[in-house]
Amino acid sequence: MKRILMPLVLVAALTTGYAQKAQPLKVINTKPLVLATTEEVQSAVLGEKRVLNIYLPEGYKKEDTTKYPVVYLLDGGAEEDFVHVVGLIRYNTQPWINRFPRSIVVGIENTNRRKDFTFAVPNLDFVTRIGYKPEHFPAYGGSARFISFLKEELQPYINSHYNTSGQRTIIGESLAGLMATEILLKHRELFDNYIIMSPSLWWGKESLLAEAPALLKKSLDKDIKVYIGACSKDEDKIMYDDAVALDETLKKYGGSRMKVYYDYLPGEIHATIIHQAVYSAFRLLYPHTETQY
């Protein structure tokens, strides 16, 4: 009994001693954790100020000769998708993973995404099919101007102010996925990789899908990779069917220089797909990690 009690007494004494010595933590220093910078620019094309959130990869130095790919993130505001997408990119570019190339991320904050990401249509009769009302779209049909902003202002600005390699990726979900699809079909030279998730191809009664075969006849002079992520068909059968149709159309008419990856994520709904889908896209577009080469 003594042999059992003595260790217990000793432990109790030591524990009591530590408890008596414990003091509240003293803060030695406090500093912000900086993830990115925010720039406000004036767009002549859009006729308004726009906010850009820009992440630079670890080790980035303006004076270096190293060049970096650029990821353009639609819905790229700090309160939108910027922070968690940057987190995924930073994770995949860690040296012990090295799946995705270290990249600059340009998040484009929205002012009115329903205007910027939709193309012109004669009327809004079709929106009731999706559960909207025409008054939910007081402004729409501005995609052509937004694409001009990307092409004529934003890409030249980023290339002139940062060390860019020329390789460009665009990420868009929902209405931003509609925008990314329109760029792919009409201005595919603007990007090398397209990450498109749950695209709102119902806009204009699927007219963009109907135009796709003719638009895809334009020959490609470079290789393009396209990721299409679709969420649960039980949640939204229309959007699921449209994503499947986009996949089939691109594979049929996209030509040999377009590689298409279709990814069905039945466990995700429209509101939750982007985080998992972006990670899945990285895995498909860049399948090998540092230990798998």
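**Burial, aromatic pairing and overall form of the predicted chain**

At a relative accessibility of 30%, Asn98 counts as partly exposed, a class that lies between buried (under 20% relative accessible area) and exposed (over 50%), as judged with a 1.4 Å probe on protein chains only. The model is predicted, and local features need pLDDT of at least 70, side-chain atom pairs count only at pLDDT 80 or more, and totals for chains, interfaces and linings use all residues. Residues are numbered from 1 along each chain as its sequence is written, and side-chain values use heavy atoms, with hydrogens and water left out.

Asn98 is placed in the loop between helix H2 (82–92) and strand E4 (104–108), where helices (H or I, at least four residues) and strands (E, at least two) are DSSP runs numbered from the N terminus. Although Asn98 is not a glycine, its phi is positive, at about 50°. Glu206, likewise not a glycine, has a positive phi of about 60° and lies in the loop between E6 and helix H6 (207–215); Glu206 is buried, with a relative accessible area of 16%.

The secondary structure of the protein chain comes to eight helices and eight strands. The radius of gyration of the chain is 24 Å, well over the 19 Å that the globule rule gives for 293 residues, so the chain is more spread out than a compact globule; this radius is taken over C-alpha atoms, and the rule is 2.2 Å times the number of residues to the power 0.38. Along the principal axes, the C-alpha atoms fill a box of roughly 90 × 50 × 45 Å. Of the 293 residues, 47% count as buried. Among contacts (heavy atoms within 4.5 Å) between residues at least 6 apart in sequence, 77% join residues at least 24 apart.

The structure holds 15 aromatic pairs, in which rings of Phe, Tyr and Trp (its six-membered ring) have centres within 6.5 Å, with planes under 30 degrees apart counted as stacked, over 60 as edge-to-face and the rest as tilted. Tyr72 and Phe191 form an edge-to-face pair, at 5.7 Å centre to centre and 75° between the planes. This pair links distant parts of the chain, with Tyr72 in strand E3 (residues 68–73) and Phe191, 119 residues apart from it, in the loop between helix H5 (175–186) and strand E6 (193–197). Both Tyr72 and Phe191 are buried. A further edge-to-face pair is formed by Tyr132 and Phe137, at 5.4 Å centre to centre and 75° between the planes; here Tyr132 is partly exposed, with a relative accessible area of 28%, whereas Phe137 is buried, at 3%. Phe126, Tyr132, Phe137, Tyr140, Trp202 and Trp203 form one aromatic cluster. The charged end of Arg114 sits over the ring of Phe137, 5.1 Å from its centre, a placement that requires NZ of Lys or CZ of Arg within 6 Å of the ring centre and within 35 degrees of the ring normal.

Helix H5 is mostly covered, 11 of its 12 residues being buried, and Met179 and Glu182 are among them. Both Met179 and Glu182 are touched by Ser143, as are Lys115, Asp116, Phe117, Thr118 and Phe119, when residues up to four places away in sequence are not counted. Ser143 is found in helix H4 (residues 143–161) and is buried, with a relative accessible area of 1%. The C-alpha atoms of Ser143 and Lys115, which are 28 residues apart along the chain, are separated by 7.2 Å.
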